[in-house]
Structure formats: C-alpha cells, structure tokens
Amino acid sequence: MALGVLVVLAAACSTEPATPPPPRNAVVVCLDTVRHDVFELPESIGWSDPLSGELDEALRLESALAPAPWTVPSVASVLTGRYPATHGAGRFPSTVADLDREVPTAIADGVPTLAEVLSREGLRTGASVAHPWFSAGYGLDRGFDSTRVVKGRKEVLEEGLAWLDGAADATREPFFLYLHFMEAHEYHRGPLDDVRERASRLPSPLAVASEALAPADTCSEPDSEACVRWKAYVVAVLELRGSVAELLGQLERRGLGDRTMVVVFADHGEEFGDHRGEERALAVDPRGLAGVGHGHALYQELLHVPLVVWRAGVSGRSDVPVSLVDIWPTILRRLEGEGGAESAPGRPIDLLLRRADSVVDRPLFASGIAFGPEQTAVVLGDRKRIGREDWGRSLTFDLDSDPEERSPLSASAPELDALLERYEAARSGAAGDGSVPEIDAAMAEELRSLGYLGGGDNR
C-alpha cells in the first residue's frame, strides 16, 4: 500500500488571506451499506454528479477501514471511539452468532458516546435516522437531545434540517447533528420488478462502468437478476451522493458552511458474490448462505468504506490507513482542541497525515460477526490477517498485490497473530458486554422489514 499523501494544509500565512476559524459545529453522516469502490465509481470514469465539485474541497481517505461488517458494532465504534472488543455492542450470547434468531448486546454502561461528550461541552445534539436500531435500546441514541427515526433519505434530510434550524438560532449555538441513510441497504432487495425499475435509473455510461466493476460473475449477463440487483445498489449509492451534496448546499445557504465540519462515512460494505466460493467451502453461515449481504465475513468488500471530511484542516486525497474509530478524536480535536487520550485506539486524522511515514506500523482492527463464529481481522500496512475462533488457523493477505484477497499467503505471520491475541485480550479488560435489549413486537417487525430476525428474502 503506497503512503502517498496529497493534502493542502489549512495553515495561515502572512501573504495569504486569513484562514477560517476552526468549525464550531459537526454533522456526521452515515451512508449505511456503501462499498468504497461503488462510492468512487463516478470519479473513476470522469463522470460528474452534484457531489463531484464538493469533493474537491474535502479530505478523502482512500484506505478507511470499518471496525465491523454490520451496523450495530460499527456505528457504536464511531460513536464511542472504541473497537467492538471494548465498547460492548454487537455481541451474541451464542457461540455461533445468528441475527436471524437472536439480538445482540448494546453499548456497555459507562462507555460514553460522542453525543454525550459534546453535550457536556455545551453543544446541542440531534439525530435524524432511518435505522430502527437507534430506537431499540442499543445506546446509539445516547446523548442526543432529539432522535427522530423516519423512513427515506428525503425524510432523513428534511427532519435533520428542521432540527438544525432550531439548533442554529440567532445565537449560533454550536451543534452536533447525526444523519443515517438506508437506501444502499434496501434498493437491491425486494421484489425483482421494483429492483429493475430502480436499476433502469442508471445513466448509460455508469451502467456500463458498473457492469465492469461488478464482483465475480455478477454481471457476466447484464440482464441477469444478479446484475440488475447490483445496478440497483449502484443507483442507491449515487442517490445518496446527491443527498450529501444537498446537505452541503443547505449548510451554505444557512451561512453554516465554514462553521461546520462534515464527516461522511459508511458503516460497512456489501458482498455480491465476491467470496462466494470461499464461504461455501467454510459453510459456517447459520442461514445456509454464502457470498451475499453483510455481517458474515471480514473481507474488504465489507470493511473498505468511504470516509470523506469537509473542514478537516486538510483537503485532497490520502491513502494513509485510517479506521472509523478515528472519527471521534478528529471531531473533538477540531471542535474542542483536544487530541484524544493516548490510550484510546483512535487518532485525529490530520495528525495521522502529518505523520504518514510512521502510521504504516499502526494496526487497524475489525470484529463483530452477526452470522457465524466470531472473527477478528488486523491490517498492518499492506498485510491483513483474519482469524476465526473455530478455525485454529488464520488467513493472511497482501492487500497491495492481492487487493481482492484471492490468494492467502503460506508464510506464518507471528506479528499479526500477536496483534490479534492482544485485541482479543482487550475484551477481558474492558467494561464488559452491554446488556441485551428487550425487543417488543413492533420493533421486531421493523427489524424484519430490513431483513433482520428472519425477515426478508436474503437469498
């Protein structure tokens, strides 16, 4: 993995206009279920959409790693600045996790959330989300003055802006707003006629490019069901890019553009047969599935996610390895001038960029399986190691020469094994797992509508 960094440092100079003051506000946006390669598709072919121009002003982290392959543990990591091993959320009571049959643990008591910290610092805090996990007792809503759970990207943005207009009053009181969109989780699922209609919205150049980008044999037949569902997924990601552009425009119209840090990330990706053969051979998914969806594996199609920051103090593209746990200290450093505790896993991203030559030795972790035995992964520079509790062995990949993780290395990796052992050991010294919330009938039905707890046709 090359560590080239193309950034523009926002440092004042006597011969240049004064730079804007640090932002007072933060907006954090989760694009649920978005792969990095699909998010970057327009730029990869020179296609311009409403977000393209805005990206020129942002910091784009090209090597961002999600700390888990599904929502609860991953978003909990963003909101606590901790890995799943220590924040307590997303664990299952059974040895073999099965989100079709049981619900996981919540964020552990005593683990503070970003909203709680910023609220104590005097910021108003609000969330507008389309995911029912936020109202299911998992602690994801902890610290927010207001959490509005709605359906649809337009409704999420409208409700968020309505709250914002109340928060950003004449006194310009500082605020923290969290938005969570679900279209990329949903568009490619459901009745095939609906999916075909959505796929038909894809402009021809992007349709051709998406077929070329599709994993494995997904689009060997462009009109096949598999390819149509893939293209509907691409449409969802493009529409979400449009929602981000609209959000940025709305902040500018309210005079909040220079005053507000905006962080856009995906909590995890989605698999479309990328590793179907490997997963069939293992046959460990309790649903009897292989190569589809998320929550079941730690390959890069589920962990390599977009991460884009506006008003980060730097801009441009960087392939310095970062994790979503770095969002917490990055926001605190920009808003409160705090660099984060040295004992915490996350680091302010602008500091990581300034020390790019040294961060190659910084391990990044992922864990938190929703379907099957627990797995843990570590990425150190170009190398990645995936271990599973019942394997008795691990898989090692060179992400530089083998980015699709097709050819496991035969050599041993004692350094990576030691890191995995250290990560697992951290759980025993943590606050402990959170409690398992009681899910009532109405909430269970909401979760089934999204394919959890046995709902939907995941096959």
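## Close-up views of a predicted model

Of the contacts in the protein chain with a separation of 6 or more, 73% are between residues 24 or more positions apart. The model shown here is predicted, and the views below let you explore it piece by piece.

**View 1. The whole chain before we zoom in.** The protein chain has 17 helices and 18 strands. Buried residues account for 58% of its 459 residues. Its accessible surface is about 17,900 Å², and carbon and sulfur atoms contribute 49% of that area.

**View 2. Tyr83 and Tyr423, an edge-to-face pair.** The structure contains 15 aromatic pairs. In the one formed by Tyr83 and Tyr423, the ring centres are 5.9 Å apart and the planes are at 75° to each other. Look for Tyr83 in the loop between helix 4 (71-80) and helix 5 (84-87), and for Tyr423 in helix 16 (residues 414-428). This pair links distant parts of the chain, 340 residues apart. Are these two residues, Tyr83 and Tyr423, buried or exposed? Both Tyr83 and Tyr423 are buried.

**View 3. Phe144 and Phe176, a stacked pair.** Here the planes of the two rings, Phe144 and Phe176, are at 25° and their centres are 5.6 Å apart, so the pair counts as stacked. Phe144 belongs to the loop between strand 5 (124-129) and strand 6 (146-149), while Phe176 is in strand 7 (residues 175-181), so their pairing ties together parts 32 residues apart in sequence. Why does Phe144 count as buried? Its relative accessibility is 11%, and buried means under 20%. Phe176 is buried too, with a relative accessible area of 0%.

**View 4. Two arginines, Arg198 and Arg287, over aromatic rings.** The charged end of Arg198 sits over the ring of Tyr187, at 4.5 Å from the ring's centre. Arg287 lies over the face of Phe371, and the distance to that ring centre is 3.6 Å.

**View 5. Thr396 and its surroundings.** Thr396 is part of strand 18 (residues 394-398). With a relative accessibility of 3%, Thr396 counts as buried. Which residue's side chain makes a polar contact with the side chain of Thr396? The partner is Arg385, at 2.3 Å. Setting aside neighbours within four places in sequence, Thr396 is in contact with Lys384, Arg385, Ser407, Pro408, Leu409, Ala413 and Leu416.

Terms used. Residues numbered from 1 in each chain as written. Predicted model: local features only at pLDDT ≥ 70, side-chain atom pairs only at ≥ 80, totals over all residues. Heavy atoms only, no water. Phe/Tyr/Trp six-rings, centres within 6.5 Å; stacked < 30°, edge-to-face > 60°. Helix = DSSP H or I, 4+ residues; strand = E, 2+ residues; numbered from the N terminus. Buried < 20%, exposed > 50% of the residue type's maximum accessible area, 1.4 Å probe, protein only. Lys NZ or Arg CZ within 6 Å of the ring centre and 35° of its normal. Contact = heavy atoms within 4.5 Å. Areas by Shrake-Rupley, 256 points an atom, 1.4 Å probe, with all protein chains shown as cover. Polar contact = N/O pair within 3.5 Å; in protein donor to acceptor, adjacent residues only side chain to side chain.
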